[in-house]
Amino acid sequence: MRYVSTRGAAPSREFDDVLLAGLAEDGGLFVPETWPVFSPAEWRALRGLPYAELAARVMAPFMTGGAIGFDDLQAITRASYRGFDHAAVVPLVQLEPSLFVLELFHGPTLAFKDLALQVAGRLFDHVLSARDERVTIVGATSGDTGSAAIEACRDRLRVDIAILHPEGRTSEVQRRQMTTVKARNVLNIALSGTFDDCQDLVKAMFADAPFRTELRLSAVNSINWARIAGQIPYFAAAALALGAPDRPVAVAVPTGNFGNILAAWAARQMGLPIERFIVGSNANDILARFLAANDMRTAGVVETVSPSMDIQVSSNFERLLFEALGRDAPETARTMVDFRASGTMKVSREVWQSVRRDFAGLALDDAATLAEIARIRAETGYIADPHTAIGIAAARAAAPVGVPVIAAATAHPAKFPEAMHRAIGIRPGLPPRLDDLYDRQEHFVRAGNSLDEVETLVRHFAHRNDA
Ligand SMILES: *Cc1c(COP(=O)(O)O)cnc(C)c1O
């Protein structure tokens with residue numbers, strides 16, 4: 001499978017290169033040159049397979065032509081999902097006659113990002129060992145992504161990972177999920193500064209060409225195609241369980257960077273009858289405004305009780321835009337460059353309407369989110385975290401009549417104890433395998449907000465592991 005850039009000014013590449021590169025050289029995002037399609041009979045044949053087997057089959061067409069053969073991929077998905085604490089890996093729970101929650105939080109860090117990152121970390125190792133290379137992954141986190149990336153990379157042989165977090169500004173659960181990992185190839189840096197300072201330092205490290213080359217810097221952020229590929233299988237598994245390809249379904253997803261909902265959309269490109277894509281947002285409601293009124297205007301980021309969606313610009317939206325523009329890469333590039341410069345995305349009425357045929361959106365502020373958590377608990381007994389509750393509310397508002405909706409449960413409620421307490425008066429407990437999290441030893445180094453200081457730490461750490 002070859003990949004092209006949404007901005008059309010970078011050469012097409014094979015999966016292995018796309019995996020290691022992340023972003024295309026022209027600033028665009030990689031998309032498959034053509035979408036692989038399964039026939040209805042091929043989809044039916046996947047029904048009832050163990051999740052790791054289904055995942056390998058759904059992902060395989062995206063990886064052909066490189067170092068990852070089908071048997072390798074199957075070994076990787078089996079290893080990735082072995083540690084999940086539910087036999088179904090991604091269980092589907094019925095809340096209402098036509099509303100099903102797809103629980104994506106049974107992995108090591110209790111959020112959906114584990115599903116793709118566990119696979120991505122192992123894919124990195126596989127491709128890098130075929131090439132006899134190593135990389136240093138650097139990233140900044142305000143909480144969630146850092147721990148999922150660390151869990152995905154710990155103990156990988158070809159990857160070192162250094163994650164910066166703003167000291168004292170992540171929740172204790174989130175910090176401990178990162179810092180209690182004891183592995184030779186993991187470096188946690190507690191920065192005296194804000195999350196933006198952490199992000200600026202990561203950008204500065206990538207911009208420092210000699211440093212970047214010396215350490216072979218890399219990233220596993222949510223624009224990496226492997227992350228999207230790793231999220232398609234669970235939408236397929238849920239759709240198949242509810243009768244697809246012989247019966248249509250809809251999907252509702254609490255959305256930040258647009259990665260998870262884009263994976264559901266990719267499942268439809270592959271032939272599954274997903275009739276509607278419902279996007280839930282918090283007070284950072286740029287996507288809901290776009291879907292309601294073609295108003296994609298950035299504003300300042302607002303802090304909410306659903307912090308993993310406190311995002312202004314949803315990077316993965318560019319992939320949908322590219323398709324909505326009929327794969328016109330120059331027009332995609334113009335639209336994105338202009339959006340960066342002006343803060344407003346200008347999309348024609350026809351293109352906007354074509355997106356609206358498939359996508360619907362709903363935004364909830366914090367009060368509505370907490371009320372929805374309480375409503376779900378009272379009416380169904382289900383305890384949904386703030387992100388999940390936003391997706392469920394959106395599903396109820398925008399579901400097509402007579403079509404079962406799959407609402408993605410993106411995090412375990414124990415990750416957000418304070419919000420849960422405000423909503424329903426309880427602090428949900430951590431699953432048994434994490435219940436000693438507060439007793440485990442933490443491992444991190446402190447750094448000032450200085451590029452020199454951080455680069456020195458990362459350099460020493462990575463070279464120690466080279467030896
Ligand atoms: C990352 C995250 C989201 C947003 O997902 P996107 O793919 O960025 O849209 C939603 N909920 C939780 C719990 C998350 O961690």
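In what order do the six strands of the open sheet stand, and what is the pairing? I traced the order as E4-E5-E15-E10-E11-E14, and the pairing is mixed.

**Entry 1: ground rules**

I am working on a predicted model, where local features need pLDDT of at least 70, side-chain atom pairs count only at pLDDT 80 or more, and totals for chains, interfaces and linings use all residues. Residues are numbered from 1 along each chain as its sequence is written, and side-chain values use heavy atoms, with hydrogens and water left out.

I took helices (H or I, at least four residues) and strands (E, at least two) as DSSP runs, numbered from the N terminus. I call two strands paired if DSSP finds at least two bridges between them.

**Entry 2: the mixed sheet**

I went back to the sheet of six strands. Its edge strands are E4 and E14 (359–363), and each of these pairs on one side only. The twist averages 25° from one strand to the next. For such angles, axes are lines fitted to C-alpha atoms (for helices, over the stretch in contact), and angles run from 0 to 180 degrees between N-to-C directions.

E5 (residues 99–103) and E15 (residues 405–409) run parallel, and five bridges join them. A note to myself: strands of a sheet pair through backbone hydrogen bonds, either parallel or antiparallel.

**Entry 3: the parallel sheet**

I found another open sheet, with five strands in the order E9-E6-E7-E8-E16 and parallel pairing. E9 (217–218) and E16 (445–447) stand at its edges with a single partner strand each, so one side of each has no neighbour in the sheet.

Six bridges pair E6 with E7 (residues 159–166) in the parallel sense. Ile137 stands opposite Ile161 in E7. Five of the six residues of E6 are buried. Buried means under 20% relative accessible area, exposed over 50%, and partly exposed in between (1.4 Å probe, protein chains only).

How many of the 10 residues of H11 are buried? I read off nine, so I noted the helix as mostly covered. Among the buried ones are Ile232, Tyr234, Phe235 and Leu240.

Just after H11, Gly243 takes a positive phi of about 110°. Then I reached Pro245, in the loop between H11 (232–241) and E10 (249–254). The peptide bond from Ala244 to Pro245 is cis, with omega near 5°.

I looked up Val89, in the loop between H4 (70–82) and E4 (92–96). Its phi is near 65°, a positive value in a residue other than glycine. Is Val89 buried or exposed? Val89 has 6% relative accessibility, so it counts as buried.

Asp132 also went into the notebook, with a positive phi near 50° in a residue other than glycine. Asp132 sits in the loop between H5 (113–131) and E6 (135–140). Asp132 is exposed, because its relative accessible area is 60%.

**Entry 4: the ligand**

Which residues are closest to the ligand? I listed Lys113, Gly256, Asn257, Asn260 and Thr410, out of 15 residues that surround the ligand. A residue is near a molecule or strand if one of its heavy atoms lies within 4 Å of it.

I sorted the shell into five nonpolar, eight polar and two charged residues. Here Ala, Val, Leu, Ile, Met, Phe, Trp, Tyr, Cys and Pro count as nonpolar, Asp, Glu, Lys and Arg as charged, and the others, Gly among them, as polar.

Then I went through polar contacts (pairs of N or O atoms within 3.5 Å; within protein, one must be able to donate a hydrogen and the other to accept it, and residues adjacent in sequence count only if both atoms are side-chain atoms). A polar side-chain atom of Lys113 lies 2.5 Å from an oxygen atom of the ligand. A polar backbone atom of Gly256 is 2.7 Å from a ligand oxygen. For a polar backbone atom of Phe258, the distance to a ligand oxygen is 3.1 Å. Taken alone the ligand exposes 390 Å², and the protein buries 96% of that. Such areas come from the Shrake-Rupley method with a 1.4 Å probe; for residues, only the protein chains shown count as cover.

**Entry 5: His412**

My last stop was His412, in the loop between E15 and H19 (417–424). At 14% relative accessibility, His412 counts as buried. A polar atom of the His412 side chain lies 2.9 Å from the backbone nitrogen of Ala414.
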